[in-house]
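Here's a quick briefing to read alongside the model. Have a look at the fold first, then work through the points below.

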Amino acid sequence: RPKQEEFSEELLLKPFPDHKLLAHFHFQSSAPPSTSNGCHHHLFPKAISQLVQKFRIKEMELSFTQGRWNYESWGGFDPISSSNAKPPGVELWAVFDVPQHHIDASWKNLTHTLSGLFCAPINFLESTATYSTPEWSFPPASGNVRYGTLPCEAVCTENLTPWLKLLPCRDKAGIALLLDGPLLYRGFYHSQRLHLTSTGSSSEGIDSGIILEQTLTVVLQPNSEMAIEVHASEKHIQPSWSLSSIFGKQVSGICVLAKSSSVYLLLDRGLLAELKFPNKENGKSAANGLTSENFWSNPSFELSANPDRIFLEESSSHSKSLSILYMFQVEKYSESEPFDIGLMWKVPVAWLCQQTPLHASRFLMGSGNERAAIAISLKSTQFTEGFMSANSKDGSCELRVAVFQVVPWYVKVYFHSLRVFVDQQPRAVSDIIEKIHVSPSKDKMSPGVMEVVLKLPCRVNTAALTIEFDKGFLRIDEHTSDANQGFDIPSAIISFPNFHASMVFLKDDSLNKSPEKCPVMSYTEVLLVPLTTPDFSMPYNVITITCTVFALYFGSLLNVLQRRVAEEERFLKAKAAKKTGRLPLLLSKLSAKLRGRRLEPLHSPPSSSSFINSKLVLKVILVAGLAVGWQYFSS
């Protein structure tokens, strides 16, 4: 029987120690290999299938992120933070299954297609000055990868709507019913991600299979009024919450096209180690108390719904405590009985999430608009201490750290100025750097790329890298509309090649599912570099005064050239004749008849004619003077 297209939806809830809540939505659609050439699908989005087949994409990831992941409070060693904590703005990378000389053209067409599909200016990444080619430090690098970011891109509901349209039921049923745009964007962190992978190689007449993962990670602040009333004097009381209080909705059944629909509640290792249990000896006893049949009556917290299954994490070499995963199946709920899970805390508790081996941060050094330096700081965490104690017997213990840094072309980096500090002491670059690849930037052509692998001792407390650069000078047409705000340097990627984040859960001493290992990586801050910016009010002033002078000059000149002087004099004579009255006119006509002469017209006062002539002369002199003055000052 041929394989069918499948769709599944999941929601993971996880409390954080800083009184916040993680809500991680995961939707997966899969399409088996077919002969339809991407034209006919039952569940899989047609636009994505045609995108993969047209540009021959082997793997691609696109993310829209608002806010920055707090690695110190929310952790960085679990699969969610390693895979879904993204840099602010837009990040896109793709691996193509095309010849090397066709990759840039495929990347350009891909950015234009995604720009129209997701209502975002992703087409700004088409220029060679905005994307890079990682060699080996970027995890999916295989020679045919392209990587680009837009750090200053704002994310809004215009990007969420087309993302939701890729779901079979959109946001009308199932877990996606909880996705409310204004609510999500009020959170502390929001990241929507789209990751697709081609399974197998496409042969002639047969399309390769595609796996599409859509994840939405949001960090929200639960409503803690109830907790404040009950435990007003407690300092570390966690806020109680429920789905209805956070999202304002309940899940009334599943999407009918979904193969499975589940909601999970994850209690972290650090949280489990701090929970209070009678006769608690270690983390294992606490886990047994939470997985027993009367877990809902434990003295630490209370769940509003009974879980369908409970999973216990397999023992980890990096931590003595274990994690607990509660599973709730949404299939058995309906509109008459909607699903709503709530967590009520009974006692205050404080804990720490598992950190990355080293906490990375980045900042600028120097002042002025000419030269500065970029510094990347690495500080040890409690994970480093545990790793050090576990490997203290081996004196040659080493901790490898990979750094991937992309700088725009207008940041002129001097790679020979790279300096390394370990525990605040300068060290020789050759002693610490195990591997390095540098691609200098070219003006208006390509950005600068630096890939470094550091070899640090396990007992390291702090490490730092500094590199100097010159600030480029941009032409006026190369500045953005908000040039006075500064220019962004994309986040650096810090990865740890020797570590992989994975969580393996057991049910009845059997493996629930095969673990998916993902590399441990984190993103640094986006740097804002002020460059020499011209005074954009001066062009406006020059244009204004120039237009004013030209208007006066040509207006006066045309007025002089087009005015009919004879008609104006005739009009003044007629007006003067009317003022003299009809009796003198009749007498003059009678006198002319008696004399046999022709009637001569009455002359207007000479002052009017002389006044008009002097007025014209003054106008001509004024216009000529303005023209001569303008020519003198402009030259």
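## Salt bridges and who makes them

Glu-525 is partly exposed, with a relative accessible area of 24% (buried means under 20%, exposed over 50%, partly exposed in between, using a 1.4 Å probe and protein chains only). This is a predicted model, where local features need pLDDT of at least 70 and side-chain atom pairs count only at pLDDT 80 or more, while totals for chains, interfaces and linings use all residues. Residues are numbered from 1 along each chain as its sequence is written, and side-chain values use heavy atoms, with hydrogens and water left out.

- Glu-525 pairs up with Arg-68 in a salt bridge, the closest N and O atoms being 3.8 Å apart (a salt bridge is a side-chain nitrogen of Lys or Arg within 4 Å of a carboxyl oxygen of Asp or Glu).
- Arg-68 sits in the loop between strand E3 (57–66) and helix H2 (71–74), and Glu-525 in the loop between strand E27 (518–523) and strand E28 (527–529), so this pair ties together parts that are 457 residues apart in sequence. Helices (H or I, at least four residues) and strands (E, at least two) are DSSP runs, numbered from the N terminus.
- Arg-68 is partly exposed too, at 31% relative accessible area.
- Another salt bridge brings together the side chains of Arg-146 and Asp-104 (3.1 Å, N to O). With Arg-146 in strand E6 (residues 145–150) and Asp-104 in helix H4 (residues 103–118), the pair ties together parts that are 42 residues apart in sequence.
- Arg-146 counts as buried at 5% relative accessibility, whereas Asp-104 counts as partly exposed at 36%.
- Glu-398 and Arg-400 also meet through their side chains in a salt bridge (3.5 Å, N to O). Glu-398 is partly exposed at 32%, and so is Arg-400 at 23%.
- Searching the whole structure turns up 18 salt bridges.

## Disulfides

- There are 2 disulfides in the structure (a disulfide is a pair of cysteine sulfur atoms within 2.5 Å).
- One of them joins Cys-169 to Cys-255, S to S 1.8 Å, and is right-handed, with 65° about the S-S bond.
- Cys-169 is in the loop between helix H5 (157–164) and helix H6 (181–184), and Cys-255 in the loop between helix H8 (243–247) and strand E10 (260–267), so the link ties together parts that are 86 residues apart in sequence.
- Cys-169 counts as buried at 15% relative accessibility, and Cys-255 is buried at 1%.
- Cys-397 and Cys-458 form a disulfide as well, with their sulfur atoms 1.8 Å apart. This link is left-handed, with -75° about the S-S bond.
- Cys-397 lies in the loop between helix H11 (382–390) and strand E17 (398–407), and Cys-458 in the loop between strand E21 (448–457) and strand E22 (462–471), so the pair ties together parts that are 61 residues apart in sequence.
- Cys-397 is buried at 14%, as is Cys-458 at 4%.
- Counting bonded cysteines along the chain, the disulfides follow the pattern 1-2, 3-4. Cys-156 is in no disulfide, and the nearest cysteine sulfur, that of Cys-119, is 8.8 Å away.

## Two buried serines

- Ser-491 is found in the loop between strand E23 (487–489) and strand E24 (493–501), and is buried at 7% relative accessible area.
- Leaving aside neighbours within four places in sequence, Ser-491 has contacts that include Arg-362, Thr-524 and Glu-525 (contact means heavy atoms within 4.5 Å).
- The Ser-491 side chain reaches the backbone oxygen of Thr-524 at 2.9 Å.
- Ser-495 has its place in strand E24 and is buried at 9%.
- Ser-495 and Val-401 are 94 residues apart in sequence, yet 6.0 Å apart in space, C-alpha to C-alpha.
- Not counting residues up to four places away in sequence, Ser-495 touches several residues, among them Arg-400 and Val-401.

## The chain overall

- The secondary structure of the protein chain comes to 16 helices and 28 strands.
- Of its 635 residues, 45% count as buried.
- Among contacts with a separation of 6 or more, 76% are between residues 24 or more positions apart.

Terms used. A polar contact is a pair of N or O atoms within 3.5 Å; within protein, one must be able to donate a hydrogen and the other to accept it, and residues adjacent in sequence count only if both atoms are side-chain atoms.
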